[in-house]
Amino acid sequence: MTNSPHCPWCPSQPDIPEHLLLHCPRHHSHRVALLHSLSAIHPHRPTLTDLLGGCTNTIQAFKTLNLIRTFLQKTN
Ligand SMILES: [Zn+2]
């Protein structure tokens, strides 16, 4: 992620966590793998808040953040 206000791959999209984690087509394959791994932790599709470690269950939040870290390492 850069300091640019727009996604490096999607000029019309803002460079924000929601776009990177949930929408950017550039990272689709990594996102599919991420959501597959997350499905073991989150019975329902996780929200952006969940993805950023905001779930109230700290163990669930910790596992989620570990998966997000892997996603970010692959996408950046
Ligand atoms: Zn994008």
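N66 is found in helix α4 of this predicted model. With 13 other C-beta atoms within 10 Å, N66 counts as partly exposed, because a residue needs 20 or more such neighbours to be buried and 12 or fewer to be exposed. Between N66 and Q13 there are 53 residues along the sequence, and their C-alpha atoms lie 26 Å apart.

Helix α4 also holds K63. Here the count of other C-beta atoms within 10 Å is 18, so K63 is likewise assigned to the partly exposed class. The C-alpha atom of K63 lies 7.7 Å from that of I41, although the two residues are 22 positions apart in sequence.

The confidence of the prediction was examined next. Over the protein, the mean pLDDT is 92, and 95% of the residues reach 70 or more. Among the elements, the lowest mean pLDDT, 94, belongs to helix α3 (residues 48–51), whereas the highest, 96, belongs to α2.

The overall architecture is helical, with four helices and zero strands. In sequence order, these elements give the pattern α-α-α-α. The radius of gyration is 12 Å, close to the 11 Å that the globule rule gives for 76 residues, and the protein is therefore as compact as a globular protein of that length. Along the principal axes, the C-alpha trace extends over about 35 × 20 × 20 Å. Of the 76 residues, 13% are buried. When contacts between residues at least 6 apart in sequence are considered, 34% of them join residues at least 24 apart.

The arrangement of two of the helices was then described. In general, a pair of packed helices is characterised by the angle between their axes and the distance between the axes. For helix α2 (residues 28–38) and helix α4 (residues 58–75), the axes come within 10 Å and cross at roughly 170°. This crossing angle makes α2 roughly antiparallel to α4, because angles over 145 degrees are placed in that class. On the side of α2, the contact is formed by H30, L34, S37 and L38, which meet T64, L67, F71, K74 and T75 in α4. Sorted by class, the residues of this contact comprise four nonpolar, four polar and one charged.

A further residue, L21, belongs to helix α1 (residues 17–23). L21 has 19 other C-beta atoms within 10 Å and is therefore partly exposed, because burial requires 20 or more. When neighbours within four places in sequence are left aside, L21 is in contact with L48 and L51. The C-alpha atom of L21 is also separated by 8.5 Å from that of F71, a residue 50 positions away along the chain. F71 is itself one of the α4 residues that meet α2.

Technical notes
Residues are numbered from 1 along each chain as its sequence is written. This is a predicted model: local features need pLDDT of at least 70, side-chain atom pairs count only at pLDDT 80 or more; totals for chains, interfaces and linings use all residues. Helices (H or I, at least four residues) and strands (E, at least two) are DSSP runs, numbered from the N terminus. Two residues are in contact if their C-beta atoms, placed from the backbone, lie within 7 Å. The radius of gyration is taken over C-alpha atoms; the globule rule is 2.2 Å times the number of residues to the power 0.38. Axes are lines fitted to C-alpha atoms, for helices over the stretch in contact, and angles run from 0 to 180 degrees between N-to-C directions. Angles under 35 degrees count as roughly parallel, over 145 as roughly antiparallel, 65 to 115 as roughly perpendicular and the rest as oblique. Ala, Val, Leu, Ile, Met, Phe, Trp, Tyr, Cys and Pro count as nonpolar, Asp, Glu, Lys and Arg as charged, and the others, Gly among them, as polar. pLDDT is the predictor's confidence in each residue, from 0 to 100.
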